[in-house]
Amino acid sequence: MSATVSSEASTSQLREPVFIALLVCLVFYAVSKYFQSSGCPFAKAPKTDKKQASMASAPPAGSLRLTPAELAQYDGQDASKPLYISVRGNIYDVTAGKSFYGPGGPYAVFAGKECARALAFMKVTAEECSADLTGASEAQLKTLADWEAKFDQKYGLAGRLVQQ
C-alpha cells in the first residue's frame, strides 16, 4: 500500500509543474496577442521585405521604358541605381536578388541586358544575352516561360524594352 501512495504522490508532484508551465505559456501567448493587436508601442513593427522596399522608390509597375543602351546602365556597377534585366522585352527590377544578379553574383552577366536566349538555352554567358530565339526547341521555350513566370512572381514587371 505504501508503494501505491508514494507513486501517486510523485505523479501529482510531476503534474503540478507541467500544469504551471502550460498556464504560463497560455498567459504569455494571450498577452503577446493583445499587445500586437492593440497598437502598443512595445509591439514589433511589421517587417517589410526587400521587394517592397525597392518598389517604394521605383516608378509605378510596368511604366518604365528603356532602350537597350539605357538598360545597360542598370547592370549593378552603379550601386545607387537598381538592377534591371530584360526577358522578351519585359524589364524586371531584380535589385532584391542582388546576390544573384549583382556584381560577383552567379547571374551577374544578365544585369543590364536582354537575356531571353541565355535563359532559354541555359547558358550564363554575355554572348548568349539577346532576344534572338532562333533554333530554340519547344523544351527551351518552356524553360524560358518558366523563367518568365518566376520573374513575374518574384520581382514583378518594371517596364518594357523599346528600340527608340
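Two strands pair if DSSP finds at least two bridges between them; helices (H or I, at least four residues) and strands (E, at least two) are DSSP runs numbered from the N terminus. This is a predicted model, in which local features need pLDDT of at least 70, side-chain atom pairs count only at pLDDT 80 or more, and totals for chains, interfaces and linings use all residues. Residues are numbered from 1 along each chain as its sequence is written, and side-chain values use heavy atoms, with hydrogens and water left out.

**Sheet**
- In E4, Gly159 is the bridge partner of Ile91.
- Strands E3 (residues 90-93) and E4 (residues 157-161) run antiparallel and are joined by three bridges.
- The open sheet has four strands in the order E1-E4-E3-E2, with mixed pairing.
- E1 (64-66) and E2 (84-87) are the edge strands, each with a single partner strand, so one side of each has no neighbour in the sheet.

**Aromatic pairs**
- The whole structure holds 10 aromatic pairs (ring centres of Phe, Tyr or Trp, its six-membered ring, within 6.5 Å; planes under 30 degrees apart are stacked, over 60 edge-to-face, the rest tilted).
- Tyr101 and Tyr155 are edge-to-face, at 6.2 Å centre to centre and 80 degrees between the planes.
- Tyr101 lies in helix H4 (residues 98-101) and Tyr155 in the loop between helix H6 (138-154) and E4, so the pair ties together parts 54 residues apart in sequence.
- Both Tyr101 and Tyr155 are buried (under 20% relative accessible area; exposed is over 50%, partly exposed in between; 1.4 Å probe, protein chains only).

**Charge over ring**
- Arg117 lies over the face of Phe121, 4.2 Å from the ring centre (CZ of Arg or NZ of Lys within 6 Å of the centre and within 35 degrees of the ring normal).
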